[in-house]
Amino acid sequence: MSNWYEKSAFEIQQAVASGNVTAREVVTSFIARIDDVDGPVGAYTQRWDEAALAQADAVDAKVAAGEPLGAMAGVPVSLKELICTTEGQTTCSSRILQGFQSPYNATVTEKLLAADAILLGKVNMDEFAMGSSTENSAVQKTANPWRLSCVPGGSSGGSAASIASATSAISFGSDTGGSIRQPAAFCGCVGLKPTYGRVSRYGLVAFASSLDQIGPLTKDVRDAALALNVISGKDPLDATSADIPVEDFTKALTGDISGLRIGLPKEYFVDALSAEV
């Protein structure tokens with residue numbers, strides 16, 4: 001069995017679409033990876049192995065029939081515990097919601113399913129997103145895969161840890177005041193908080209509705225652009241979502257950075273406080 005968990009989401013989608021690998025083989029590789037490494041990391045709070053394999057088989061059937069495939073066909077993803085799904089539970093990593101099954105999917109969940117992504121399960125977070133280390137979950141603590149004695153950041157620590165440990169190809173977290181970006185920095189992966197209104201909040205358990213956004217955590221920037229393509233867009237179920245056309249974000253990845261300037265606030269550097277900048 002190839003180690004498909006080592007590949008980017010883009011590589012997986014291309015391989016599945018071309019018939020070089022089946023979605024079932026990809027999902028089986030990720031399930032084995034979770035079995036091998038997630039015990040001490042503790043990223044996953046729910047695993048949907050059988051449902052994920054069934055979704056993979058459905059993708060493989062579309063490939064065999066020559067039917068059009070979604071933009072994330074065969075890509076295994078994980079979801080933060082506060083994104084509503086009819087599969088499993090939506091607990092926000094709190095005992096208060098233990099056993100709660102959402103009667104509907106979040107819009108992001110629906111978009112991922114429509115794009116033929118494979119939902120592996122849900123990952124840990126600080127309870128109701130109130131924390132920055134994923135030590136404040138009522139379910140379990142999550143460790144940083146690079147050093148188990150360290151925290152992965154939060155509140156989307158389970159998402160970042162699942163990417164750093166290669167137990168999901170893309171994970172979706174939420175960011176109110178840094179809850180995607182900070183754990184991405186702690187775990188050495190890409191984390192993106194989309195501009196407010198770019199992604200629907202319908203089915204996201206709110207922390208602060210005027211700030212919350214769902215966004216991807218990924219291995220690389222191309223995967224982040226791919227994920228943003230899928231989840232962006234106006235949603236009639238979310239009055240705050242922006243009615244702006246969704247561009248293909250991957251087309252911006254030209255590699256040409258000529259003309260760009262980087263600004264570094266001098267206050268970030270103690271030695272720079274007395275230096276001319």
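Here are some questions and answers on how terms apply to this predicted model.

Q: What makes a feature count in this model, and how are the residues numbered?
A: The model is predicted, so local features need pLDDT of at least 70 and side-chain atom pairs count only at pLDDT 80 or more, while totals for chains, interfaces and linings use all residues. Residues are numbered from 1 along each chain as its sequence is written, and side-chain values use heavy atoms, with hydrogens and water left out.

Q: Why is Asp 116 called buried?
A: Buried means under 20% relative accessible area, exposed means over 50%, and partly exposed is in between (1.4 Å probe, protein chains only). Asp 116 has 9% relative accessibility, so it counts as buried.

Q: Why is the contact between Asp 116 and Lys 62 called a salt bridge?
A: The term asks for a side-chain nitrogen of Lys or Arg within 4 Å of a carboxyl oxygen of Asp or Glu. Here the closest N and O atoms are 2.9 Å apart, so the pair qualifies. Asp 116 lies in the loop between H4 and E3 and Lys 62 in helix H3, so the pair ties together parts that are 54 residues apart in sequence. Lys 62 counts as partly exposed, at 21% relative accessibility.

Q: Which residues are linked with Arg 47 in a network of salt bridges?
A: The network links Asp 35, Arg 47 and Asp 49. Between Arg 47 and Asp 49, the closest N and O atoms are 3.0 Å apart. Arg 47 is partly exposed at 34% relative accessible area, and Asp 49 is partly exposed at 22%. A search of the whole structure finds 6 salt bridges.

Q: What makes E2 and E3 a strand pair?
A: Strands (E) are DSSP runs of at least two residues, and helices (H or I) are runs of at least four, numbered from the N terminus. Two strands pair if DSSP finds at least two bridges between them. E2 and E3 have 5 bridges, in the parallel sense, so they pair. Val 77 has Leu 119 in E3 as its bridge partner, and Pro 76 stands opposite Ile 118.

Q: Why are E1 and E5 described as standing at the edges?
A: The open sheet has 6 strands in the order E1-E3-E2-E4-E6-E5, with mixed pairing. Strand E1 (44-47) and strand E5 (190-191) each have a single partner strand, so one side of each is left without a neighbour in the sheet.

Q: Why is E2 said to be largely enclosed?
A: Of its 5 residues, 5 are buried, so the rest of the structure largely encloses E2. E3 is mostly covered too, with 6 of its 6 residues buried.

Q: What makes a nonpolar core, and which residues touch the most other members of the largest one?
A: A core is a set of buried Ala, Val, Leu, Ile, Met, Phe, Trp, Tyr and Cys residues joined through side-chain atoms within 4.5 Å. In the largest, of 57 residues, Met 72, Val 77, Leu 112 and Phe 172 touch the most other members. H2 gives the most to this core, with 7 residues. Apart from it lies another core, of 8 residues, with Cys 189 and Leu 217 among them.

Q: How do you know that Cys 189 is buried?
A: Its relative accessible area is 15%, so it falls under the 20% limit.
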